[in-house]
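Please look through the sequence and the model below before reading on. The paragraphs that follow go through the structure part by part.

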Amino acid sequence: MAAAAAIVSVVLLAGGCLTYFLLQDILSSTTESRIRASAAEYRSNLLRLVEGDIQILQTLESLWEEDDLPDEGKLTEKLYQVAEENGFPGMAYFRGDTGIVVNRGQEAQNGAKFEAMPEPMQEALRRAGKGETAVSDIYDSENMGREIFVVCVPVTEKDGVRGVLAAADPAARMEELFEAQFFPESYSFVHLIGDDGRYLVRSREGKLAQEMESIFENPYLSEKMKGRIRTVMEQGASSMLTTRANGKKYKVLLEPVGLNNWYLFCSTSMKEVVGSVYWTITGTQAMILVILAVCLLIVRSGYRMLRNSNRQLQQAAYVDPLTQSCNLSGFLKRIEETCDEEPEFSVAVLNIYQFKFINEIFGRQQGDRLLRYIGKLIQEELKEGEFYGRDAGDFFYLFLLGTDRGKTEERMHGIMDKIKAAPSLQRSSYHMLFYCGVADTQGQEGNGDLSSRLMTQVMFALDKARETHQDSVWFYDMQLHEREKRENYIESHMHQALEKGEFRLYLQPKMRLKDKKLAGAEALVRWVTEDGTMMFPGDFIPLFEKNSFCTRLDLYMMECACRHIRGWLERGIAPVPISVNQTRLLFYETDYPEKLRELVDRYEIPAGLITLEILEGLAVGNVEEMNEKISLLQKEGFRISMDDFGSGYSSLNILGALNIDELKLDRAFLTEMAQGNNLRQKTVMEMVIALTGRLRITTVAEGVETEEDERLIRELGFDMGQGYYYSRPVSAEQFDRRFMETGAKRGHENNAKDE
């Protein structure tokens, strides 16, 4: 009997120990879940604070896009007004190296120098000047007598960035977010740190943090853990760590904020969180040794507690408390469980445009009610075997059977329409937009990482859908992904390519129609990489116009043209004018004429041998400023040509108002006539040619590809022709061999076709 009792006791003790460790693991997971959930809330509040500032600046910037910038006095007054209305201690507008800086209660600084601004502000201004929204690091402002951060947005025009709008916000607003603790207990705290471990915003509960500059000065972190923290921050990852301090076990979470490489450093004591259960388990183990019957009851009771706790943990780990559907973790888990059973399926993510404003306009309670309504509606639209989940905020993930994209798109648009019919939205004038990304299993191997791969693809598709600014369903496309990879290569190699001379000068002849002799050439660019791969302008110019690299490339091509003309002169070859394309960003730089004059002076060539080609879109709504810049360039000796006339903004008023020397008609005119629209297009051309003749503007027809095209433009009275009929663009060296003569006389009659 005693032996049996001992065996039972040993078994019970073993069971008690096993139960203890299982509970310990569950409680550890509970602590981690709670700290992650709280960190997500802090991160959301922090980003919402910054996004609110950005939204205010972007709203002001969008008004300027429509009405153009006010004059300096009105602009200064507007900056003071916006700063006062939104509680900004200061605002600024920079264009180039100078700007206007206003601080509430202080006199405005007109003509403020960029280099005089604090370094964190300069860095943010530089990034915004490249076309991205930027937020500075937190720094101590001497003028304002407090710590601040600066939010910057680019002020754009159709072809690029024309300035940067900035607003300062007190760091104290961030500190207010950190005043609230994770939980009611005093052992939890959260800090905002930089990627170097330096404290940016400290929690008031973290007394030790108040005495240190960096988390790496924390004496309770081992060198091994500090090394782990550095590795995690270098990788931009999230990590949960465990450490001990003053006899307590702490969970430490490093969570990237997604802004300026900032991190949340969160800590909470495990022992305090799980203390009551810990002592219950210890007492249970002791009582097992005393009274077997009581131990059995306690074990049974502990089992029930464990089962309930496990159920609650499952609920917290995989269920969205708002909609009672899967959360993101639960959704991923269900996909992994379903992959083998359903080889053909699609994953969709539905996102509401600017959902945070719904919360602001209608209130958080109404916003939550709308999210529950969306979840209920999606559930009603799902078929058997399908399911959905909701991530934090307004992201809804759907698992849909089948891979028919037409049917999937129809279903998702149907869900969008039904959501918009919600009674709460029908009673308001709020217009809701949706973005939807979809990825499916077509052409994909069902290996172990299929679910994570699909989630990456579906978010990529969602990002593309956001670019449309309308209800849209975007499907993941491998070709599109390849294009993204190519664009990434271009942006990461463009500076290196410019330094190595990989951008090559190509020339296409412009032929004088009255005698079929060479009248000039247009400079075109080709990118030839080290391995001999050639990229054409359509592959990289649109991207360069977005990131402002086109200004450097334009000046580089201008220098190539000047250098080549200098080579003709030194070899005794009579030069012909070379036309060089100019983008909006370069054309409107304040020192643009001086830069061009410096180039022609350096190579000692007449400025009249350079024709600057600009697009007609530059002049829309800006004729006076355009003519001022054209006049400055013409005084320097340059000729001005309007390129692609007729491609989008064609206006005889613009043509009559601009003081240009040359007009190039877009190839679309010849294309239209080739398609049978002869009479109408011919009438338009005759009017344009007649007008340019009276204005003494030289005319060039682009896109001449056949003998019939040449005959037509000669009849219409064009001065010059350019196109494949004469020659496709060729390298500068090949152009010299085919079209230029050594000696003082030029007069190569050209009827050459491509070899």
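Which residue in β12 does Y250 stand opposite? Y250 stands opposite S269. The model is a predicted one, in which local features need pLDDT of at least 70 and side-chain atom pairs count only at pLDDT 80 or more, while totals for chains, interfaces and linings use all residues. Residues are numbered from 1 along each chain as its sequence is written, and side-chain values use heavy atoms, with hydrogens and water left out.

The names of helices and strands follow DSSP runs, numbered from the N terminus: helices are H or I runs of at least four residues, and strands are E runs of at least two. Two strands pair if DSSP finds at least two bridges between them. Strands of a sheet pair through backbone hydrogen bonds, either parallel or antiparallel.

The pair Y250 and S269 belongs to strands β11 (residues 248-256) and β12 (residues 263-269), which run antiparallel and are joined by 7 bridges. Both strands are part of an open sheet of 5 strands in the order β9-β8-β12-β11-β10, where the pairing is antiparallel. At its edges stand β9 (199-201) and β10 (239-245); each has a single partner strand, so one side of each is left without a neighbour in the sheet. On average, neighbouring strands of this sheet are turned by 35° against each other, direction ignored. Such angles run from 0 to 180 degrees between N-to-C directions, and axes are lines fitted to C-alpha atoms, for helices over the stretch in contact. Helix α5 (residues 223-235) packs on this sheet and touches β8 (189-193), β10, β11 and β12. The direction of α5 makes about 160° with that of β10. Contact here means heavy atoms within 4.5 Å.

Another open sheet also has 5 strands, in the order β14-β15-β13-β16-β17, but its pairing is mixed. Its edge strands are β14 (387-390) and β17 (472-475), each of which pairs on one side only. The twist from one strand to the next averages 20°. Strand β16 (residues 434-440) runs parallel to β17, and 4 bridges join the two. Within this pair, Y435 stands opposite S472 in β17. Helix α11 (residues 405-420) packs on the sheet, touching β13 (345-352), β15 (395-401), β16 and β17, and its direction makes about 150° with that of β17. Helix α13 (residues 450-466) packs on the sheet as well, touching β13, β15, β16 and β17, with a direction at about 145° to that of β16.

The loop between β15 and α11 holds T403. With a relative accessibility of 15%, T403 counts as buried; buried means under 20% relative accessible area, exposed over 50%, and partly exposed in between (1.4 Å probe, protein chains only). Leaving aside residues up to four places away in sequence, T403 touches E344, F345, S346, D440, T441 and Q442.

Strand β1 (residues 90-95) is mostly covered, with 5 of its 6 residues buried.

Most residues other than glycine have a negative phi, and most peptide bonds are trans. K516 is not a glycine, yet has a positive phi of about 55°. K516 is found in the loop between β18 (503-512) and β19 (517-528) and is partly exposed, with a relative accessible area of 27%. S548, also not a glycine, has a positive phi of about 70°. The place of S548 is the loop between α15 (537-547) and α16, and at 18% relative accessibility S548 counts as buried.

Helix α16 (residues 550-570) and helix α18 (residues 592-603) have axes that come within 9 Å and cross at roughly 25°. That makes α16 roughly parallel to α18, a label for angles under 35 degrees. In this contact L555, M558, E559, C562, R563 and R566 of α16 meet K595, L596, L599, V600, R602 and Y603 of α18.

How values were computed. Angles under 35 degrees count as roughly parallel, over 145 as roughly antiparallel, 65 to 115 as roughly perpendicular and the rest as oblique.
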